[in-house]
Structures are given as structure tokens and as C-alpha cells.
Amino acid sequence: MLQSLRPIALASALCLAASAPAFAHAHLKASTPASGASVARPGEIDLAFTEGVNPKFTGLSLSGPGGAPVSTGPARPGAGGDATLVVPVAGPLAPGTYKVDWHALATDGHKTEGSFSFTVAP
């Protein structure tokens, strides 16, 4: 009986492995400034995702000390192709902690979002 279940288990495992890419989403892989980093005044925020994103529907909002919104420029693809996004910061950032709330629409149509913080050193 156990031997007759082995081919079924193997076939099921292969089907699951083959369908794994269908469950992929564009997760944030890295950022500059990095999450939790203490940095000098950045002129832009760079996001790198685990897969390609649609820059028209991917972006971020930046809030500064006390939750005040910070102006940013239009997002554009970065040097890493469609899996990266560069968002210019409109002006110099004062010292303090900043929060980045990002959202992404992967090229396969899946939506993801998240947040991280960094500190601008005096």
C-alpha cells in the first residue's frame, strides 16, 4: 500500500514545485537608506524588489519626525531595471526619524506593501 502512494506523493510534490512561481509577489529586498540605518541627508530613496514592478502603480510616502509628510518627486525605474525604483526627496531632510510606507504592483499583477524607518543623523 505504501509503495502505491509513493508515485502520487511524488507527482503532488512536483506539481507544487512547478506552481511556486505563481505565488510570487514583489517583496522589498533592499532599500537605500536601509531599514534602521542612520544616514546623512539622502537625496533619494532607492527600493529593490524581488521581482519586476510597474512603476506607474508603485511608490512610497515619506513621513518625518512627528509624522509630518515629506514631499517626494515622481518615482522612476532604477539602474537595476524594472525590479528597482528611485524616488527623489524634494528637499533636505532635517535630523530625526523618517518612515517610508511603500506599495508595489508586480508585473504579474500582485500587490504588496510595507514600511520601514531610517534616521537622519545631525
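**Notebook: strands, core and salt bridges**

I began with Phe116, which I found in strand 9; I take strands as DSSP runs of E with at least two residues, and helices as runs of H or I with at least four residues, numbered from the N terminus. I am working on a predicted model, in which local features need pLDDT of at least 70 and side-chain atom pairs count only at pLDDT 80 or more, while totals for chains, interfaces and linings use all residues. Residues are numbered from 1 along each chain as its sequence is written, and side-chain values use heavy atoms, with hydrogens and water left out.

**Entry on Phe116**

I looked up the accessibility of Phe116 and noted 6%, which counts as buried (buried is under 20% relative accessible area, exposed over 50%, partly exposed in between, with a 1.4 Å probe and protein chains only). I then listed the contacts of Phe116, leaving aside neighbours within four places in sequence, and they include Leu28, Pro33, Ser35, Leu47, Tyr98 and Trp102; contact here means heavy atoms within 4.5 Å. For Ser35 I also noted the C-alpha separation from Phe116, which is 5.4 Å although the two residues are 81 residues apart along the chain.

**Entry on the core**

I next asked which residues have the most contacts inside the largest nonpolar core. That core has 19 residues, and the ones in question are Ile45, Leu47, Phe49, Leu60, Leu62 and Phe118; a nonpolar core is a set of buried Ala, Val, Leu, Ile, Met, Phe, Trp, Tyr and Cys residues joined through side-chain atoms within 4.5 Å. I found that strand 3, strand 4 (59-63), strand 7 (81-88), strand 8 (96-105) and strand 9 each supply at least two residues of this core, and that strand 8 gives the most, with 4 residues. When I followed Leu47 beyond four places in sequence, I noted that Leu47 touches Leu60, Ala83, Leu85, Trp102 and Phe116, among others.

I traced an open sheet of 5 strands in the order 2-9-8-4-5, with mixed pairing; two strands pair if DSSP finds at least two bridges between them. Strand 2 (38-39) and strand 5 (69-70) stand at the edges with a single partner strand each, so one side of each has no neighbour in the sheet. Strand 2 runs parallel to strand 9 (residues 111-120), joined by 2 bridges, and Val39 has Val120 as bridge partner. Strand 4 runs antiparallel to strand 8 over 5 bridges, with Ser63 opposite Lys99, and strand 4 also pairs with strand 5 in the antiparallel sense over 2 bridges. In the hairpin of strand 4 and strand 5, with 5 residues between the strands, I noted that Gly66 takes a positive phi near 75 degrees. Because 4 of the 5 residues of strand 4 are buried, this strand is largely enclosed by the rest of the structure.

**Entry on salt bridges**

I counted 2 salt bridges, taking each as a side-chain nitrogen of Lys or Arg within 4 Å of a carboxyl oxygen of Asp or Glu. In one, the side chains of Arg76 and Glu44 meet at 3.9 Å, N to O; Arg76 lies in strand 6 (residues 76-78) and Glu44 in strand 3 (residues 44-49), so the pair ties together parts that are 32 residues apart in sequence. Arg76 is partly exposed at 40% relative accessibility, and Glu44 is partly exposed at 31%. I noted the salt bridge of Asp101 with Lys99 at 3.6 Å between the closest N and O atoms, with Asp101 partly exposed at 29% and Lys99 partly exposed at 36%.
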